Amino acid sequence: HVAFGMIGLILTDLKFTIIVGIAIFIYALINIKNWQIEHVKKSIVINFIAIITVTAFYIIPLLELNIASEYVGSDINKIEFWQNRLTIRDLFVTGKSSTNVFEFGPHIIIMLAFFTMALNRLKNNKIEYIFCFIMTGIYVFMSTKYFPWKIFPDAILKFESSSDFLMCSVFFQVIVCAMNMSI
């Protein structure tokens, strides 16, 4: 279900296809042994149809628009991208001169702090839980100044800012925090 949730996220914004595609691939490899189970095959088909049905009202007009026109996402250059990356402080405190809020907030930090306690008590879905927690950390790291974006080619310019990776981390944070609070 996590993988299909990620696919639904991707289908609603084509930019995230690049960002989350690797996470879906890793998740599929982790769970490859489950693909042979009959109820898993049925679940995959049902979830895929549900995702396409729910997102079709957005995707079909978007694809028509993209085919009929030449879309330029942004005219940002590498220097602007590098200068707009977040610091660790930005993740916890919003400065007075900041126009955007990127901080997690105390409620998210508290819920994420229950990770080790919840992991010890978790009986089912441990692999998914650990996967979501790791992906949260990776995407948060990718949004900061400490991620080595300079080694990547011009492909990073497809993203308007490094804070786009925080949007993907929120998807995984929701799963981790929900599991923490349920435990």
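Student: Where is Asn125 found?
Tutor: Asn125 sits in the loop between H7 and H8. Helices here are DSSP runs of H or I with at least four residues, strands are runs of E with at least two, and both are numbered from the N terminus. Before going on: this is a predicted model, where local features need pLDDT of at least 70, side-chain atom pairs count only at pLDDT 80 or more, and totals for chains, interfaces and linings use all residues. Residues are numbered from 1 along each chain as its sequence is written, and side-chain values use heavy atoms, leaving out hydrogens and water.

Student: What is the phi of Asn125 near?
Tutor: Phi of Asn125 is near 60 degrees, which is a positive value in a residue other than glycine. Most residues other than glycine have a negative phi.

Student: How does Asn125 count for accessibility, and why?
Tutor: Asn125 counts as partly exposed because its relative accessibility is 47%. Buried means under 20% relative accessible area, exposed means over 50%, and partly exposed is in between, with a 1.4 Å probe and protein chains only.

Student: Zooming out, how many helices and strands does the protein have?
Tutor: The count is nine helices and zero strands. Of the 183 residues, 35% count as buried.

Student: What about H8, how many residues does it have?
Tutor: Helix H8 covers residues 126–142, which makes 17 residues. From first C-alpha to last, H8 reaches 24 Å, close to the expected 24 Å. The expected span is 1.5 Å times one less than the number of residues.

Student: Which residues of H8 are buried?
Tutor: Among them are Glu128, Tyr129, Phe131, Cys132 and Met135. Seen down the axis of H8, the buried residues fall within an arc of 160 degrees, so they line one face of the helix. That arc is taken from the directions from the helix axis to the C-beta atoms.

Student: Why would one face work like that?
Tutor: An α-helix has 3.6 residues a turn, so residues three or four places apart point the same way.

Student: Next topic: which residues have the most contacts inside the largest nonpolar core?
Tutor: They are Val20, Ala23, Tyr129, Phe131, Tyr139 and Phe172, in a core of 32 residues. H9 gives the most to this core, with eight residues. A nonpolar core is a set of buried Ala, Val, Leu, Ile, Met, Phe, Trp, Tyr and Cys residues joined through side-chain atoms within 4.5 Å.

Student: What span should H9 have?
Tutor: The 19 residues of H9 should span 27 Å at 1.5 Å a residue, and the end C-alpha atoms are 28 Å apart, which agrees. Buried residues in H9 include Phe165, Leu166, Phe172 and Ile175.

Student: Is Ser143 buried or exposed?
Tutor: Ser143 counts as buried, because its relative accessibility is 0%. Ser143 is in the loop between H8 and H9. The C-alpha atoms of Ser143 and Met167 are separated by 9.8 Å, with the two residues 24 residues apart along the chain.

Student: And Glu80, where does that lie?
Tutor: Glu80 lies in helix H4, residues 78–83. Glu80 counts as partly exposed because its relative accessibility is 37%. The C-alpha atoms of Glu80 and Glu160 are separated by 9.4 Å, though the residues are 80 apart along the chain.
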